[in-house]
Amino acid sequence: MTRLLVDALVPQGAGPDILWNGERGDMALAPLTDAGNPAGLVARNPLLTALVLSLESDARGPRDPLDPAAYDLRGWPGDGFDVDVAAGEAPLGSTTWVAFRHPTDEDNARRVIEAAQVALKPLQDQGIIGDVTVEAEADPAETRIRRSITIARPDGSILYSGPFAGLWEALGAVASGAGA
């Protein structure tokens, strides 16, 4: 089984608006009376929250290629009724979780790269972020895939560039200005 390095906690007050205890998280919803965001997510830092939701939420995946009779129903509940394709929206999340079912090799590293690119594409399509570069290196001896992501702002300046020793840790670095 492959492990991805995504286990660190976000530093106190530095990151997105998801309360996370290392095993599960929770988000706050805006009231229905909110004119600009009725029943949407409340966010003090909307960009970091969008990045976390895109990269860390488990998107609905394909049938399991190792067991085609099995289907994993992961996915963001809103994807079933609230995806506005015309506005550049797409199902939320990443299929990086599929990598855990495969050997730690270069094929799986490519799978991790593609999953991150697909997960961030809706944010690019909506003009929220600019170019994204993802690299992943398989380390079979440690059964790990190390992932680095460079995320640019729409103006081309770098929002974050570096290894993701832990996504929460990396986003905390973005919030503190240490990531670029």
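Is T96 buried or exposed? Select T96 first: it is buried, with a relative accessible area of 8%. Buried means under 20% relative accessible area, exposed means over 50%, and partly exposed is in between (1.4 Å probe, protein chains only).

Before moving on, note that this is a predicted model, in which local features need pLDDT of at least 70, side-chain atom pairs count only at pLDDT 80 or more, and totals for chains, interfaces and linings use all residues. Residues are numbered from 1 along each chain as its sequence is written, and side-chain values use heavy atoms, with hydrogens and water left out.

**Stop 1: the loop**

T96 sits in the loop between α1 and α2. Helices (H or I, at least four residues) and strands (E, at least two) are DSSP runs, numbered from the N terminus. The side chains of T96 and S94 make a polar contact at 2.5 Å. Such a contact is a pair of N or O atoms within 3.5 Å; within protein, one must be able to donate a hydrogen and the other to accept it, and residues adjacent in sequence count only if both atoms are side-chain atoms.

**Stop 2: the core**

Select L51, L120, I129, I149 and I151. These have the most contacts inside the largest nonpolar core, which has 21 residues. At least two core residues come from each of α1 (46–56), α2, β4 (132–139) and β5 (144–152). Helix α2 gives the most, with 7 residues. A nonpolar core is a set of buried Ala, Val, Leu, Ile, Met, Phe, Trp, Tyr and Cys residues joined through side-chain atoms within 4.5 Å.

Centre on I151. Leaving aside neighbours within four places in sequence, I151 is in contact (heavy atoms within 4.5 Å) with L51, L120, I129, D131, I158, L159 and Y160.

**Stop 3: the salt bridges**

There are 3 salt bridges to find. Each is a side-chain nitrogen of Lys or Arg within 4 Å of a carboxyl oxygen of Asp or Glu.

- Select R110 and D107: their closest N and O atoms are 2.3 Å apart. They are 3 residues apart in helix α2 (residues 106–125), so about one helical turn separates them. R110 is partly exposed at 49%, and D107 is partly exposed at 48%.
- Select D125 and K121: their side chains meet at 2.6 Å, N to O. They are 4 residues apart in helix α2, again about one helical turn. D125 is partly exposed at 47%, and K121 is partly exposed at 41%.
- Finish with R146 and D139, paired at 2.7 Å, N to O. R146 is partly exposed, at 36% relative accessibility.
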